[in-house]
Amino acid sequence: MSDARPQDRYSIQTQGLNLWYGDFQALKNVHVDIQRGLITALIGPSGCGKTTFLRCGNRLNERYGNVTTTGQITILGKNIYDPNVSLGELRKTVGMVFQRPNPLPISIYENVVFGLRVHSPIGLARRRLDERVESALREVQLWNDVKDRLNQKGTGLTLEQQQKLCIARLLPLKPRVILMDEPCSALDAEGTAAIERLMDSLRGKYTIVIVTHNMAQARRTSDECIFMLLGEVVEQGPTADLFLKPRQKETEMYVEGRYG
Amino acid sequence: MKKFEQELATVKQQVMEMGEVAESMVGWASAALVGRDRALIQKVQASERKLDQYQLDIDSEAIRLITVYAPIANDLRFLLMVARINSELERIGDQALNNSEYVLQLLSAPPAQPLRDISRMSEVTRGMVHDALQAFHDEDTDKAQQVLTADDEVDALNAQTFRDLLTDKNVSLDSVNQSMTLILLARSLERIADHATNICEEVIYLVKGEDIRHQT
C-alpha cells in the first residue's frame, strides 16, 4: 500500500547506520527500508557486512566488545537505540535464528516455552503452555514429528528438526521480525528445502530477513534482495528485478558470478 | 507438489486460459460471417485487450521463473516454449481481430459471393488451434503431429479460394471488393493455422527437445 505510513509499510528502516569493530568500519552509511511481511535476503561476498547488519536488528553486536554504532535503526516505528527501549522487549519482537541450530540441552517442550518462562514474570498455567507449544510446533511443521516425545531432549533431533525447533522457540513470544543468519548452512539438501518451505509458510505473518551465501536460495526464497559490498548497500529491490536487471554494475557482476 | 512445480502449473493454466480466449475469438469471427451476426464481432473486439493482458502477465511470470529458479532441461524448455506459445496466441488474436474487420465489411452489403471454402477453412483452423492447445496441455506429440498434417488442408483451401475468386468470370465491379475481402480473410485464416502449427512444433520441442522447424 503506497499510501501507508512508513512505519506501517516497513518493519525495519535504517538511516546513516555506521558500525566499527575497533578501527575497522564494517557498515558504512547504510540506508534500507525493509518491507513488512516480506522475506528480504541480504547477499554479498564474505565480509561485506551482511551478518553485522543482521545483528544490528536485535542489538546483538553489543555483546561483542569494542563495537561502536552510529545512525538510526527503526523497528516497527521505534528507534531501537532510544534509552527507553528495553533490550528484552526488543529481542522478543525481533527473533534470531543462527547458522548452526542451537537448541538448549533440555526437552523439546521446555525449549519452546523457554522464552515465555524468561519473559513472563508470572508463570502461565500448564494448559496455556501446552497450547502455545502445540501452536508453535504446528506453525513450524514439527508437531507431527515430535508430539509423542516432547519430553525428549531437543538436541536429539535431526539438524533440520533442531532448526525448526529454534524457529518454534521464537514464536510463543509473538515476534514481528525474524532474523535468519545462514539458517540452512548446516543442513543437507532435504533439510534446506524443508526450511525454505517453512519460510514460505511464514511469509506475510512475520518480516523475515535472511543472510545467505547461497544465491540460488536468495533467488528462490526472497521477495526483496539487498546487495552489500564492503560494508555498503549497493542496491536493494524486488528479487526478480535485482537478478534480471540490476541497476548497478557491481550488482550485475556479482549476480552473474563474476566475483564473490 | 513443490512451490516451483505449482508455479509452473499455474503458468500452464494461464496459457490454457489465454488459448481459450484466442480460440473463441477465431470461432466468433467465423460464426459472425456465417450467421451474419454483428454481436459476435463485438465479442472478438472486446477480447483483444484481455488477450494482450494475458500476454504481458505470462511473459512476465515466465521471465520471473527463469530468473528466480534458473531452470534447466525440461523446466527450461517448458518456460522458453511458454514464452513462444504466448506470442503465437497473441498473434492468433490479432488475426482474429483482422478477421472480424473483414467480416464487418462483408456484412455491410448483401452477400454477392458464396463463401466457397471459407466455412470449411474456418472450421479446420479453429480445430487446429484447439488441438494445438490440447497437445500443449497433454504434452501429446501425436496430436501435435496431426495438427501439422491438418495445415496442408488449410493451405490447399486457401490456394483454392484464391484461385476461385481470381478466376470467377461473374465478378462485377460491385463484388470485387467482397472478393478481395474474402481473399484477405482466407489468407488470415491460413496464418492462424500457421500459428497453430508453430505451437505444435513448440510442443514437440518441449517434449522431445527436437527442433523440427524449417524442415519441409
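This is a predicted model: local features need pLDDT of at least 70, side-chain atom pairs count only at pLDDT 80 or more; totals for chains, interfaces and linings use all residues.

Reader: OK, what scores does the model get, then?

Author: The model scores an ipTM of 0.75 together with a pTM of 0.84. For chain B, the mean pLDDT is 93, and 99% of the residues of chain B reach 70 or more.

Reader: And chain A, how many helices and strands does it have?

Author: Chain A has 11 helices and 10 strands. Its C-alpha atoms fill a box of roughly 55 × 45 × 40 Å when taken along the principal axes.

Reader: What does the radius of gyration of chain A agree with?

Author: It agrees with what a compact globule would have, because for 260 residues that value would be near 18 Å, and chain A has 18 Å. Buried residues account for 43% of the 260 residues in chain A, and among contacts in chain A between residues at least 6 apart in sequence, 68% join residues at least 24 apart.

Reader: Let's turn to the sheet. What is the order of its strands?

Author: In chain A there is an open sheet of 6 strands, with mixed pairing, and the order runs β6-β7-β8-β3-β9-β10. From one strand to the next, the twist averages 20°.

Reader: Which strands stand at the edges?

Author: Those are β6 (94-97) and β10 (232-238) of chain A; each has a single partner strand, so one side of each is left without a neighbour in the sheet.

Reader: And β3 with β9, do they pair in the parallel or the antiparallel sense?

Author: Strand β3 (residues 39-43) and strand β9 (residues 224-229) of chain A pair in the parallel sense, over 4 bridges. As one example of a bridge, T40(A) has E224(A) in β9(A) as its partner.

Reader: Switching topic: how many residues are in contact between chain A and chain B?

Author: On one side there are 8 residues of chain A, and these are in contact with 7 residues of chain B. Two helices of chain A, α9 (215-221) and α10 (239-244), each supply at least two residues of the side that touches chain B.

Reader: Which one gives the largest share?

Author: That is α10(A), from which 4 residues of the side of chain A that touches chain B come.

Reader: And what about the classes of residue on that side of chain A?

Author: The side of chain A that touches chain B has 4 nonpolar residues, 1 polar residue and 3 charged residues.

Technical notes. Residues are numbered from 1 along each chain as its sequence is written. Chains are lettered from A and ligands numbered from 1 in the order in which they are written. Two residues are in contact if their C-beta atoms, placed from the backbone, lie within 7 Å. Ala, Val, Leu, Ile, Met, Phe, Trp, Tyr, Cys and Pro count as nonpolar, Asp, Glu, Lys and Arg as charged, and the others, Gly among them, as polar. pLDDT is the predictor's confidence in each residue, from 0 to 100. The radius of gyration is taken over C-alpha atoms; the globule rule is 2.2 Å times the number of residues to the power 0.38. A residue is buried if 20 or more other C-beta atoms lie within 10 Å of its own, exposed if 12 or fewer, and partly exposed in between; C-beta atoms are placed from the backbone. Two strands pair if DSSP finds at least two bridges between them. Axes are lines fitted to C-alpha atoms, for helices over the stretch in contact, and angles run from 0 to 180 degrees between N-to-C directions.
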